[in-house]
Amino acid sequence: MSRITLSVIKADVGGWVGHTSVHPQLISKAEQVLSESSLLKDFHVAYVGDDVNLIMTHELGVDSTEIHQLAWDTFLACTEVAKELKLYGAGQDLLSDAFSGNVKGMGPGVAEMEFEERKAEPVIVFMADKTEPGAWNLPLYKMFADPFNTIGLVIDPKMHRGFVMEVHDLIEHKSVKFSLPEELYDLLVFIGAPGRYAVKAVYSKTTGDIAAACSTQRLNLMAGRYVGKDDPVCIVRCQSGLPAVGEAVEPFANPHLVAGWMRGSHVGPLMPVSVEDSHPTRFDGPPRVIALGFQIANGKLIGPRDLFADVSYDRARQKALEIADYLRRLGPFEPHRLPLEDMEYTTMPEVMERLKERFKPIED
Ligand code: F6R
Ligand code: MG
Ligand code: MG
């Protein structure tokens, strides 16, 4: 039995047109760079909206300097192409000129997990555009803790003990684990606030194995200014003691509201779409999620299967579009627009400075 690592590393290195999609030449450049590397067992280059997602298998473990270097070099090569084509925001997610051993904190988003490849190893890579890492909190809660979503929690003996959920405080840089179902209510105090607390990983209590891993990078916190959205990724292993593929995709049938639409400053429904439809256009959105399924066979990625390219998600899309219509009519008002402190763009300091003399004390 070999241990395999699945690394998903993503970045926006230039949009075509604006922030709506990835130019095909960026995809072919990424494929070329990865195919020239001897480090990988296999790879698939995916895109959602304006983000390039490198899905890679190897035997070098998580946080491997060589794999992170490879991803960084791939994004640099794509940036060169983006600059030639004058794509929008070429190189925007590469926050530094020099690679220092790990892409974490340097702009790209990273979700990685190492595991013993099972007799059959179905995995789903979820990738979203125009939102933030906490967008996975609600669907992961449903997948791993809600029996109304995942009947396996009730009737599969290998799931019945529940899962451990690791949560990151993205402001204080702290990590905490909750044992489910006993600590459900404590968990929800935190993950119900997805702008600050994001699920990082999930582990089976039956086997101790990793079941899910997410990217939790927040670009604006890293850069100290707005440089783009985090547009997170999430890997979920499925079946035999883990959520069935159908249980893992079920939460997306009810599009939940996430932060990150237009200028990273609006709330919108997370719309499940096929790869072909993963181009956020209306008001730079609404936010989208794709789900690529693979069977892993000796490190080879057998796939992808485009899981949301299915008629059973048509109503979710319809509902998302209705929610989008409703929210758009609220224009610059909360809760469509994010609260002041959460907006990625603001003119508040400048407007306040200009008007400050006009603010008089209220005498009563
Ligand atoms: C980017 C995004 C977009 C941009 C918007 C304005 O992730 O969500 O909505 O924020 O298109 O972009 P700039 O300021 O570059 O013109
Ligand atoms: Mg962008
Ligand atoms: Mg993006």
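## Metal site and salt bridges

Asp-12 is buried, at 3% relative accessibility, where buried means under 20% relative accessible area, exposed over 50% and partly exposed in between (1.4 Å probe, protein chains only). This is a predicted model, in which local features need pLDDT of at least 70 and side-chain atom pairs count only at pLDDT 80 or more, while totals for chains, interfaces and linings use all residues. Residues are numbered from 1 along each chain as its sequence is written, ligands are numbered from 1 in the order in which they are written, and side-chain values use heavy atoms, with hydrogens and water left out.

Donors are N, O and S atoms within 2.8 Å of the metal (3.2 Å for Na, K and Ca); water is not among the atoms, so sites may look incomplete. His-19 is partly exposed, at 26%. Asp-50 also coordinates the magnesium ion (ligand 3), which lies 4.2 Å from the magnesium ion (ligand 2).

The whole structure holds 16 salt bridges, each a side-chain nitrogen of Lys or Arg within 4 Å of a carboxyl oxygen of Asp or Glu. Three of them are tabulated below.

| Salt bridge | N to O distance |
|---|---|
| Glu-121 and Arg-118 | 2.9 Å |
| Arg-317 and Asp-314 | 2.9 Å |
| Arg-337 and Glu-334 | 3.6 Å |

Glu-121 is buried, with a relative accessible area of 0%. Arg-317 is buried at 15% relative accessibility, whereas Asp-314 is partly exposed at 38%. A further network of salt bridges links Arg-3, Glu-114 and Glu-116.
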